Amino acid sequence: MQATVRIFDAATRSGSVFLDDGTELRFGAEAFDAGPLRLLRPGQRVNILLDEGRVTYVTLSTFPLPGRT
């Protein structure tokens with residue numbers, strides 16, 4: 001699923017994204033750390049994985065999600 005970064009705090013490695021329908025979802029350091037990224041900036045398009053409505057993985061939209069090619 002794709003989303004757009006709303007905010008990202010590099011110190012806590014957490015933030016939030018907007019889904020295309022405008023829904024805001026927060027993510028914690030564990031979701032950010034699961035991916036290969038070092039930084040995100042507002043407005044950046046990302047791919048996310050959800051588990052029961054919770055963001056579990058964040059990466060750039062050009063990177064594949066785990067288990068998918």
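Is Q44 buried or exposed? Q44 is buried, at a relative accessible area of 15% (buried means under 20%, exposed over 50% and partly exposed in between, with a 1.4 Å probe and protein chains only). Keep in mind that this is a predicted model, where local features need pLDDT of at least 70, side-chain atom pairs count only at pLDDT 80 or more, and totals for chains, interfaces and linings use all residues. Residues are numbered from 1 along each chain as its sequence is written, and side-chain values use heavy atoms, with hydrogens and water left out.

**Around Q44**
- Q44 sits in the loop between α1 (29-33) and β4 (45-51).
- Leaving aside residues up to four places away in sequence, Q44 touches A3, T4, V5, L39 and L60 (contact means heavy atoms within 4.5 Å).

**Fold and size**
- The protein chain has 1 helix and 5 strands, in the order β-β-β-α-β-β along the sequence (DSSP runs numbered from the N terminus: helices are H or I with at least four residues, strands E with at least two).
- The radius of gyration is 11 Å, close to the 11 Å that the globule rule gives for 69 residues, so the protein chain is as compact as a globular protein of that length (taken over C-alpha atoms; the rule is 2.2 Å times the number of residues to the power 0.38).
- Along the principal axes, the C-alpha atoms fill a box of roughly 30 × 25 × 25 Å.

**Packing**
- Of the 69 residues, 39% count as buried.
- Among contacts with a separation of 6 or more, 34% come from residues 24 or more positions apart.
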